[in-house]
Amino acid sequence: MNKVEFIFDYLEELFPDAHCELEYHKDYELLIAIILSAQCTDKRVNMITRELFKKYSTLEAINAASLKDIENDIKSLGLYKNKAKNIKETVAILLQEYNGKIPREKDLLTKLPGVGNKTANVFRAEWYKEAEIAVDTHVARVAKRLGLAKESDDVNQVEKKLRKLLRKSQYIKAHHLLIHFGRYFCKAINPNCAECKLKDICNLYNSKFASKS
Ligand code: SF4
């Protein structure tokens, strides 16, 4: 078994049910939830969107709401002014140009306000089941600790390296496994190294923690 297989087998053992934790029922609800999740936890976003999607049950309803209303609805989230503006603009474009249906193509998605490469990847993987790996802060941190990417790599470089290391059919699952591992086990501060089976191949453990164990 090679190193990559060893890592992902272990992550699957830890998180057999790793999946997207944002709550949604419709395509635009997922896209809005992802936009709102920038620098916020999924748990927090779900608390907001449960009410938001109850209040505005169609794209047209969001479009008809004022910017101020949307700001008020999401104001407990970080960057809420920017997010409200992006949501309003994106919803207007979706209705005007796409008949309310969210495009599958990445180049069209990333033209929508508030939708960058990572957001488009998450959406395409989750809604359209396209082979994508979205690299967020958890994925990047874990990939670097485990030597799947270099410390100096930016998110695009990490994404490129993960794509090379994995088969396309593994991308979506690998993305969820890395997020869950980073979110609940290999946290930024106080990772659970004592119980981790990846110590031997972990750069962080071997550089900083080995002498303490
Ligand atoms: S040994 Fe610690 S830092 Fe390394 S992967 Fe495991 S939990 Fe993360």
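Predicted model: local features only at pLDDT ≥ 70, side-chain atom pairs only at ≥ 80, totals over all residues.
The protein chain contains 12 helices and zero strands. Read from the N terminus, its elements therefore follow the order α-α-α-α-α-α-α-α-α-α-α-α. Along the principal axes, the C-alpha atoms of the protein chain occupy a box of roughly 60 × 30 × 30 Å. Of the 213 residues in the protein chain, 36% are buried. When contacts between residues at least 6 apart in sequence are considered, 58% of them join residues at least 24 apart.

Helix α3 covers residues 42-55, which is 14 residues. From the first C-alpha of α3 to its last the span is 20 Å, close to the 20 Å expected at 1.5 Å a residue.

Helix α11 (171-184) has 14 residues and reaches 20 Å between its first and last C-alpha atoms, close to the expected 20 Å. Because 11 of the 14 residues of α11 are buried, this helix is largely enclosed by the rest of the structure. The buried residues of α11 include three histidines, His175, His176 and His180. Also buried in α11 are Ile172, Ala174, Leu177, Leu178, Ile179, Phe181, Gly182 and Arg183. The cover over the buried residues of α11 includes α1 (3-14), α8, α9 and α10 (155-165).

The loop between α8 (117-127) and α9 (137-145) holds Lys129, and Val135 lies in the loop between α8 and α9 as well. Lys129 has a positive phi of about 55° although it is not a glycine. Lys129 is exposed because 9 other C-beta atoms lie within 10 Å, and the cut-off for exposure is 12 or fewer. Val135, in contrast, has 25 C-beta neighbours inside 10 Å and so counts as buried, the cut-off for burial being 20 or more. Leaving aside residues up to four places away in sequence, Val135 touches Lys118, Ala140, Val155, Val158 and Glu159. The C-alpha atoms of Val135 and Tyr98 are separated by 27 Å, and these two residues stand 37 residues apart along the chain.

A positive phi of about 55° is found at Asn190, which is not a glycine. Asn190 is placed in the loop between α11 and α12 (203-209). With 7 C-beta neighbours inside 10 Å, Asn190 is counted as exposed.

There are 13 residues around the ligand. The residues that come nearest to the ligand are Cys186, Pro191, Cys193, Cys196 and Cys202. By class, the shell around the ligand is made up of 10 nonpolar, one polar and two charged residues.

Definitions and conventions: Residues numbered from 1 in each chain as written. Helix = DSSP H or I, 4+ residues; strand = E, 2+ residues; numbered from the N terminus. Expected span 1.5 Å × (residues − 1). Near = placed C-beta within 6 Å. Nonpolar A, V, L, I, M, F, W, Y, C, P; charged D, E, K, R; others polar. Contact = placed C-beta atoms within 7 Å.
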